[in-house]
Amino acid sequence: MNTNKFIKNLSEEELNSLKENFKYKDQEYKENNQLFLLKNITNTKDTIDLTKLQINKLLQEDDINIDLLCIYTKKYNYLCEELDILNSYKTIFNIN
């Protein structure tokens with residue numbers, strides 16, 4: 001996954017604006033938002049893992065349900081894109 005895909009699509013001005021806005025927030029606000037972001041990243045990763053398991057389970061069946069496989073694959077792709085964006089924000093705000 002490319003964690004900086006979102007960042008690359010931002011102009012330098014937009015990126016600096018995001019950083020500046022965050023820089024002037026109080027510490028409690030920063031900590032709450034950082035915690036929320038990290039929880040979202042963890043939840044998204046967990047959901048990706050579950051979706052992978054569902055896809056693998058479907059692929060092991062004798063009679064593969066193609067419609068269901070497509071649904072899970074779309075869900076997986078969407079979650080990966082969401083994770084890229086969340087990781088990009090993590091990079092922008094220097095959260096470890």
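Analyst: A polar contact is a pair of N or O atoms within 3.5 Å, and within protein one of them must be able to donate a hydrogen and the other to accept it. Please keep in mind that this is a predicted model. Here, the side chains of Thr44 and Glu82 are joined by a polar contact of 3.4 Å.

User: Where is Thr44 found, and is Thr44 buried or exposed?

Analyst: Thr44 is found in helix α3, which covers residues 27–60. To judge burial one needs the cut-off, which is under 20% relative accessible area for a buried residue; Thr44 has a relative accessible area of 4% and is therefore buried. Setting aside residues up to four places away in sequence, Thr44 touches Leu79, Leu83 and Leu86 as well as Glu82.

User: Which residues does Thr51 contact, leaving aside its neighbours within four places in sequence?

Analyst: With those neighbours left aside, Thr51 is in contact with Tyr72, Lys75, Tyr76 and Leu79. Thr51 also lies in helix α3, and its side chain reaches the backbone oxygen of Thr47 at 2.7 Å. Because its relative accessible area is 0%, Thr51 counts as buried.

User: How should I read a nonpolar core, and which residues make up the largest one?

Analyst: In soluble globular proteins, nonpolar side chains tend to be buried together. In this model the largest nonpolar core has 12 residues in all, among them Leu37, Ile41, Leu79, Leu83 and Leu86. The elements giving two or more residues to this core are α3 and α4, and α4 gives the most, with 5 residues. Leu37, one of the core residues, touches Leu86, Tyr89, Lys90 and Ile95 when residues up to four places away in sequence are not counted.

User: Which residues make the nonpolar surface patch?

Analyst: Leu59, Ile64 and Ile66 make a nonpolar surface patch of about 250 Å², and Ile66 has its place in helix α4, residues 66–92.

User: How many helices and strands are there in the protein chain, and what percentage of its residues is buried?

Analyst: The protein chain has 4 helices and 0 strands, following the pattern α-α-α-α along the sequence. Of its 96 residues, 25% are buried. The chain exposes about 7200 Å², of which carbon and sulfur atoms supply 50%. Among contacts between residues at least 6 apart in sequence, 75% join residues at least 24 apart.

Conventions:
Residues are numbered from 1 along each chain as its sequence is written. This is a predicted model: local features need pLDDT of at least 70, side-chain atom pairs count only at pLDDT 80 or more; totals for chains, interfaces and linings use all residues. Side-chain values use heavy atoms; hydrogens and water are left out. Patches are made of residues with over 30% relative accessible area and no salt bridge: like charges are joined within 9 Å, nonpolar side chains (Val, Leu, Ile, Met, Phe, Trp, Tyr) within 5 Å. Accessible areas come from the Shrake-Rupley method with a 1.4 Å probe; for residues, only the protein chains shown count as cover. A salt bridge is a side-chain nitrogen of Lys or Arg within 4 Å of a carboxyl oxygen of Asp or Glu. Buried means under 20% relative accessible area, exposed over 50%, partly exposed in between (1.4 Å probe, protein chains only). Contact means heavy atoms within 4.5 Å. A nonpolar core is a set of buried Ala, Val, Leu, Ile, Met, Phe, Trp, Tyr and Cys residues joined through side-chain atoms within 4.5 Å.
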